[in-house]
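Reader: I am new to this structure. Please show me how to read its features one at a time.

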Amino acid sequence: MPTDEPRKSAAPPADGAAASAAADAAAQALRNGPIGAFAVASIAAGLLLVGWLAFYFLLFIPRGASG
């Protein structure tokens with residue numbers, strides 16, 4: 001049942017200093033960039049390439065041409 005009372009949050013109210021510190025931390029994180037995500041993506045892409053090359057040289061080449 002809807003009521004006219006506003007919802008109350010369990011979080012403490014944000015003051016200006018905490019909001020400013022959070023904004024500064026977010027800006028610093030964006031300046032440095034997502035280095036960890038690029039490292040994980042590079043490792044995954046490298047493993048995928050190594051696996052594809054292994055299939056190519058160990059399965060497809062020894063079988064010879066089809067037809």
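Predicted model: local features only at pLDDT ≥ 70, side-chain atom pairs only at ≥ 80, totals over all residues.

Reader: What percentage of the residues is buried?

Author: A residue is called buried when its relative accessible area is under 20%. In this chain of 67 residues, the buried share is 0%.

Reader: How many helices and strands does the chain have?

Author: The secondary structure consists of 2 helices and 0 strands. Helix H2 covers residues 35–63.

Reader: How does the span of H2 relate to the expected value?

Author: With 29 residues, H2 reaches 42 Å from its first C-alpha to its last, close to the 42 Å expected at 1.5 Å a residue.

Reader: Where does H2 bend?

Author: The bend is at tyrosine 56 and comes to about 30°. Just after H2, glycine 64 has a positive phi of about 85°.

Reader: Which residues make the nonpolar surface patch?

Author: The patch has an area of about 1100 Å², and its members include Leu49, Trp52, Tyr56, Leu58 and Ile61.

Reader: Is leucine 58 buried or exposed?

Author: Exposed means over 50% relative accessible area. Leucine 58 has 65% relative accessibility, so leucine 58 counts as exposed. This leucine 58 belongs to helix H2.

Reader: How many aromatic pairs are found in the whole structure?

Author: The search gives 2 aromatic pairs. In one of them, the ring centres of tryptophan 52 and tyrosine 56 are 5.5 Å apart and the planes meet at 10°, so this pair is stacked.

Reader: Why are tryptophan 52 and tyrosine 56 separated by about one helical turn?

Author: The two residues are 4 residues apart in helix H2, which means a separation of about one helical turn. Tryptophan 52 counts as exposed because its relative accessibility is 52%, whereas tyrosine 56, at 32%, counts as partly exposed.

Reader: What kind of pair do tyrosine 56 and phenylalanine 57 form?

Author: Planes over 60 degrees apart count as edge-to-face. The rings of tyrosine 56 and phenylalanine 57 have planes at 80° and centres 5.1 Å apart, so the pair is edge-to-face.

Terms used
Residues numbered from 1 in each chain as written. Heavy atoms only, no water. Patch = residues over 30% accessible without salt bridge, like charges linked within 9 Å, V, L, I, M, F, W, Y side chains within 5 Å. Areas by Shrake-Rupley, 256 points an atom, 1.4 Å probe, with all protein chains shown as cover. Salt bridge = Lys/Arg side-chain N within 4 Å of Asp/Glu carboxyl O. Buried < 20%, exposed > 50% of the residue type's maximum accessible area, 1.4 Å probe, protein only. Phe/Tyr/Trp six-rings, centres within 6.5 Å; stacked < 30°, edge-to-face > 60°. Expected span 1.5 Å × (residues − 1). Bend = angle between axes of the 7 residues up to and from the residue.
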